[in-house]
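Please open the model in your viewer and keep the sequence panel at hand.

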Amino acid sequence: MGDPLDRLESEAEMETNSMKEDLCMDIDPPFRESIATADDWRKALNKVVPAVVVLRTTACRAFDTESAGASYATGFIVDKRRGIILTNRHVVKPGPVVAEAMFVNREEVTVHPVYRDPVHDFGFFRYNPGAIQFLEYEEIPLAPEAACVGLEIRVVGNDSGEKVSILAGTLARLDRDAPQYKKDGYNDFNTFYMQAASGTKGGSSGSPVIDWQGRAVALNAGSKTSSASAFFLPLERVVRALHFLQKGHESYNDKWEAVSIPRGTLQVTFLHKGFDETRRLGLRSETEQVIRHASPPGETGMLVTDSVVPGGPAHKQLEPGDVLVRVNGEVLTQFLKLETLLDDNVSKTIELEIERGGTSVIVNLMVQDLHSITPDYFLEVSGAVIHPLSYQQARNFRFHCGLVYVTEPGYMLFRAGVPRHAIIKKFAGEEISRLEELIAVLSKLSRGARVPLEYISYADRHRRKSVLVTVDRHEWYAPPQIYTRDDCSGLWTAKPAFQQESLLQQSCISDIGRGITSETVPLSGEAPCMEHVHRTNSQGLSDGVTSMETSCEHASEEPARDESDLGSKKRKVVEELSADEVVADGLLHETEEVKKNPRKIENAVLRDNQSATATVANASFSERVIEPTLVMFEVHVPPSCMLDGVHSQHFFGTGVILYHSQNMGLVAVDKNTVSVSVSDVMLSFAAFPIEIPGEVVFLHPVHNYALVAYDPSALGPVGASAVRAADLLPGGFNFTPETEPALRRGDSVYLVGLSRSLQATSRKSIVTNPCAALNISSADCPRYRATNMEVIELDTDFGSTFSGVLTDELGKVQAIWGSFSTQLRFGCSTSEDHQFVRGLPVYTISQVLDKIISGVNGPPLLINGVKRPMPLVRILEVELYPTLLSKARSFGLSDDWVQALVKKDPIRRQVLCVKGCLAGSKAENLLEQGDMVLAINKEPVTCFRDVENACQALDKDGGNDGKLNLTIFRQGQEIDLLVGTDVRDGNGTTRVINWCGCIVQDPHPAVRALGFLPEEGHGVYVARWCHGSPVHRYGLYALQWIVEVNGKPTPDLDAFVSVTKELEHGEFVRVRTVHLNGKPRVLTLKQDLHYWPTWELRFDADSAMWRRRTIKALDYSNS
């Protein structure tokens, strides 16, 4: 697999230079090297191929110009005694990397980075030569002086992932401009490149470009995808860097000492322009004559300033278009000579003579240490990777080096709307110019605190954007860590970003207009059992999951980007900025007045809000009644724990308040808005302008709704009085199926909901089908889908993204108008997420709501500081679908049963058929696909509600051992069966484990609904995997079960933990898996506890908090 940098992203930039390229194709006279025989090449290749290795690299964290991911590339041995491998910089990576080299005989050895050039595209790995026992090979000598136009060459490497490929070509140019790969990523500059039509592709990065004598004359770096052109880096600066490494070490040593390689810079990008172009820029004729006379024969141009980085040594001294004439009195027209001079004069002053528009100018500049503006540390907090802005990106974006740069926004910053490549300028009211200042502010914040942040981006550099950042309240991630590069070990070592304190319980928001929420939970607080460990998705001991996937594809074909997972959701944020930004701009200006008289301002806000509501033109009575009960949801799911197949990180939707008292409020919302309990929920109320957090307290295992609790005291006295609960038909919670007035076809209802601007919107609609049966097929990645449900359909609505409630003319709620998720398939391999809206009858919610309010027996859950018993739901875990009686008769159903079912339900005229049983349910192996369910306990059943009522009757009666007496029709025969039911809670998945970068959990209902669980054990289901992790590198992807580890069965999560905690760092592990399609597989992977410790996240009902516990990690306390 290749790296994204192996090819050009834009052809437009290349077209501008096409004329110049066509004019620079001078061919030197033929000589011995260009007429080598086939036997000469055979001998050379026999010597070279054993020294070429396939590099399997994994960028464990996004850093600087590179994203997290796994890829294949090429390298070759340049020093066998010391164990040094040469490859590209974009292979070595500027950030944390784990890599292995595989030789031609398939021997593998671990390699560690020892140097990556800050500018040019080369770097070095080291390995232990003694580890290669069965291969004879020699190092490949470097011969930069042998490169010339017309030289016949071979490129030997891992082209297109083919392990060993040999591509032929002829050097056509030695003075090609450095290729431009990306406008926001790595680009080489201030050097010439070579060009040949060898047609290299992904995977060949780092391949040696050899001549017939087996010498490396250049280093393959990139290619142009629209043609066969390949680009090679000259080796002069590579040879210099290698000599520095060799001088520091006589042979391979386990304890590698870091070597300093002097590199100087002026933070200026030069381009080589022809003499005609320099004359147009103002070069005087006499100066040109001097240059031509002093330059080597064949010189075609001069160096011209292209760009200057702000704040650098040449800022305000050099300008674009300046023609470089002399440096320290010596004529200079070539990159190599300029770079040699800069590297030899680090921290010294040099004199530059330039011509600017025909005028000679002398400037004296201090040569800066290039390594000083190349970051070698970063902060990881809530999955975000933040570090000083590097020279590479400062040059791309034209910002000062060292600014606080967001390489990966992670969860906390993404939730606020901070994009990649942002520059943080202000945080919590403090100006931020260095990373240390950001860390100092973070150390003062508490869990759950909401503070303003200002940033700028290169796309809109002249305006600051303001957002509200919410510090994680739950322990989604490990505490903030600082990672520092250790050039001796090749690893990045971690330490806490600031002193950790004990974990305390947070308080709730109480004052509106307050810029920083009052909390008592320190940000650094961690569960008492948390050991010294770092996070899990990016780096050494880290847990910031920057990107996760559920795909089973081999991502090593091309490192996937995090954006792919963020672009496919229902009501997700399309804008970069959230609505919080509007609040943040004006928030702090009002703080003083609020403090002086908060109650006065609250009353004024409430009056204004009520006045605006009352004067809305054409607002229906039902709209005015129901508006104070509506709530807008904004839901974020942490990437570190995207469970149960949830398909996005960000959701919007409208809910309705069903219960509001002094101690607790409950809001009902569809499960396409609140899909999982592992989420952060923010509630905005239509009745009062305030936003407060909510907590998921109940997720119905079948029906499409969730109940979310909020603390009424967080609304303040005025807000709590303005908010109210909706009235449910027929007037309370305790109604039964017999008393509920069902909607009928042709009934008029009012559809009322909220727009994104919290404006109530309504329309009168007609019920077209009050009992439409849903039939939603399974998604590619199993996730919640509504089954065994009848919903309400209307003639008109507001589109598929508008949710709310259905009411009568008096504003009494008859149904929830909720969103349902589905997946549309186009052809065999293409699918797309879609959503639609339907009405969910309120009785399905009120039955559970009544149990919560009355406090029936059940497992306790802490809600607003009070433990309350939560209801359990008894269900028949069988997926049913209705079939018309006319078709059932064709299958042999008797006239007696047809008449009995018609008498029971003359409207539906249907019978329920079995589509399948959930794997692991008590009904499995008893009911079969196609069975017709005629009666339960001798009472005919015709709809899903009949089955639900029969299940609930078991709880009331307490007999029959939880079994239903079903009468079914199977293959022409009536059969009576005792079928067991299952009792489920409303917590959803409450435990998740991250091992080697894969997220494992118990199989959720959507997986079990497929009807298959492995016989070997089914308690360890891989739900997600993380980019840059060991499972990414070795191909342990999602949608499968881990049934064995090193031959030991793992039937459940407890057994899995027992097995994996015995595994050591760096140990190869044999894993047996079973895919969703039933296909078994065995693979091996190497455990990496340095960057990917094993941890567990579990919901604690006693504290209503998600707690994080480290299972296995490296201990650096004694390091």
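**The whole chain**

Begin with everything displayed, bearing in mind that this is a predicted model. The chain contains 24 helices and 61 strands. Of its 1119 residues, 60% are buried. The chain exposes about 42,400 Å², and carbon and sulfur atoms account for 50% of that area. Among contacts between residues at least 6 apart in sequence, 70% join residues at least 24 apart.

**The nonpolar cores**

Select Val697 and Leu707 next; these residues have the most contacts inside the largest nonpolar core, which has 57 residues. Then colour helix α18 (residues 843-854), which gives the most to this core, with four residues. Which residues surround Val697, leaving aside its neighbours within four places in sequence? The contacts of Val697 are Leu666, Leu707, Val708, Ala709, Leu861, Ile863, Met870 and Gly986. A second, separate core has 54 residues, including Val48, Leu142, Ala221 and Leu235.

**A covered strand**

Move to strand β23 (residues 404-408), where five of the five residues are buried. Display strand β22 (residues 384-388) as well: β22 and β23 run antiparallel and are joined by four bridges. Within this pairing, Pro388 lies opposite Val404 of β23.

**A buried glutamate and its network**

Select Glu339 in helix α8 (residues 335-343). Is Glu339 buried or exposed? Glu339 counts as buried because its relative accessibility is 9%, under the 20% cut-off. Beyond residues up to four places away in sequence, Glu339 touches His120, Asn190, Arg237 and Arg263.

**Individual salt bridges**

- Select Arg292 and Glu288, whose closest N and O atoms are 3.0 Å apart in a salt bridge. Both residues belong to helix α7 (residues 285-294), and because they are four residues apart there, about one helical turn separates them. Arg292 is partly exposed at 40% relative accessibility, whereas Glu288 is buried at 5%.
- Select Arg991 and Asp1054, a salt bridge with 2.8 Å between the closest N and O atoms. This pair connects distant parts of the chain, 63 residues apart: Arg991 is in strand β53 (residues 991-995) and Asp1054 in helix α24 (residues 1053-1060). Arg991 is buried, with a relative accessible area of 13%, while Asp1054 is partly exposed at 47%.
- Select Glu1096 and Arg1098, which form a salt bridge with their closest N and O atoms 3.0 Å apart. Glu1096 is buried at 3% relative accessibility, and Arg1098 is partly exposed at 37%.

Finally, switch to a surface display and select Val104, Val164 and Ile166. Together these residues make a nonpolar surface patch of about 220 Å². Where does Val164 lie? Val164 is in the loop between β7 (152-157) and β8 (165-177). With 41% relative accessibility, Val164 counts as partly exposed, since that class covers values between the 20% limit for buried and the 50% limit for exposed residues.

Technical notes: Residues numbered from 1 in each chain as written. Predicted model: local features only at pLDDT ≥ 70, side-chain atom pairs only at ≥ 80, totals over all residues. Heavy atoms only, no water. Patch = residues over 30% accessible without salt bridge, like charges linked within 9 Å, V, L, I, M, F, W, Y side chains within 5 Å. Areas by Shrake-Rupley, 256 points an atom, 1.4 Å probe, with all protein chains shown as cover. Salt bridge = Lys/Arg side-chain N within 4 Å of Asp/Glu carboxyl O. Helix = DSSP H or I, 4+ residues; strand = E, 2+ residues; numbered from the N terminus. Buried < 20%, exposed > 50% of the residue type's maximum accessible area, 1.4 Å probe, protein only. Core = buried A, V, L, I, M, F, W, Y, C linked by side-chain atoms within 4.5 Å. Contact = heavy atoms within 4.5 Å. Pairing = 2+ DSSP bridges.
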